[in-house]
Amino acid sequence: MPPPGQTADAYVANAGSDTVSVIGTTSNTVTNTIPVGDNPVGVAVSPGGTRVYITNADADTVSVIDTVTHTVSATIPVGSGPLGVAVSPDGARVYVTNSASGTVSVIDANTNTVTSTIPVGAGPAGVAVSPDGGRVYVTNSASGTVSVIDANTHTVTSTIPVGAGPVGVAVSPGGTRVYVTNSASDTVSMIDAGTNTVTATIPVGLAPLGVAVSPGGTRVYVTNSASGTVSVIDANTHTVTSTVAVAGSPVRAAVSEGGTRVYVTNSASDTVSVIDANTNTVTATVPVGSAPVGVAIAPTT
């Protein structure tokens, strides 16, 4: 949960409804529904929580949501089939994976315009930025690789082989480890960010898609879409310590700022499961729109 005196909202992209559901994390109820573009998939929040970025996969655009007014303040054309989205730690840049273009669009957050387009591997899906903002990691689902982009030069400096069908990617809070879900291998690759090599391969459930790391970096949460579960990985031992059953076809996960809750989108049941991170049990199931995919949490005060 957020620090004392601070509340938060979870933003959920409903691919089948062309909307974003806003869940108040105090009540775990939907407080707002925002129309966006066609087939919204990815969600990312600016560091200050004032803006939320949504990729519209079938519109080839990114919707910018003002979190105060809960309205779309800008719509930005990007490449073809945008899926993943991530914001730099300073909030100045937004990175979008264009799955059908094989590129990453770099958006200037001040002008809401694309300032650079970076070629990567085939079928780029997930994207994450290192805590220092210097590196951008992109999963190439059709290449079985991860592209490492230098955020200053906008060039690919390394290409790392991982498992088959890599989709989700997350960086540890210290920036030393990168976790990648291999959807066709049923594993998670752990990459050493210093050497750009895979140092561990962790078996999880079937068709893992999403991955999120706790704020302390001790736990890694993986959504197993074909198993209907979430694997909880101990980051020190690289083993699955718990498997949590959710409502069906989980796609993405987001951890609350305090690390006490995990929000999981269930595309087949049109719900979000709320997992208590201390007990690894589902404490709430929130109905949202149709086929929810992306989720991210933004502070509200």
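Predicted model: local features only at pLDDT ≥ 70, side-chain atom pairs only at ≥ 80, totals over all residues.
Residues are numbered from 1 along each chain as its sequence is written, and side-chain values use heavy atoms, with hydrogens and water left out.

Strand 8 and strand 9 (residues 93-98) pair in the antiparallel sense over 4 bridges; strands are DSSP runs (E, at least two residues) numbered from the N terminus, and two of them pair if DSSP finds at least two bridges between them. Val-87 has Val-94 in strand 9 as its bridge partner. The open sheet to which these elements belong is formed by 4 strands in the order 8-9-10-11, with antiparallel pairing. Strand 8 (82-87) and strand 11 (113-119) stand at the edges with a single partner strand each, so one side of each lacks a neighbour in the sheet.

Strand 10 (residues 103-108) pairs with strand 11 in the antiparallel sense over 6 bridges, and Ser-105 stands opposite Thr-117 in strand 11. The hairpin formed by strand 10 and strand 11 has 4 residues between the two, and Asn-112 in the turn has a positive phi of about 55°.

Elsewhere, Thr-271 is found in strand 26 (residues 271-276). Thr-271 is buried, at a relative accessible area of 10%, where buried means under 20% (1.4 Å probe, protein chains only). Among the residues that Thr-271 touches, not counting those up to four places away in sequence, are Ala-247, Val-264 and Pro-292; contact means heavy atoms within 4.5 Å.

Notes: Buried < 20%, exposed > 50% of the residue type's maximum accessible area, 1.4 Å probe, protein only.
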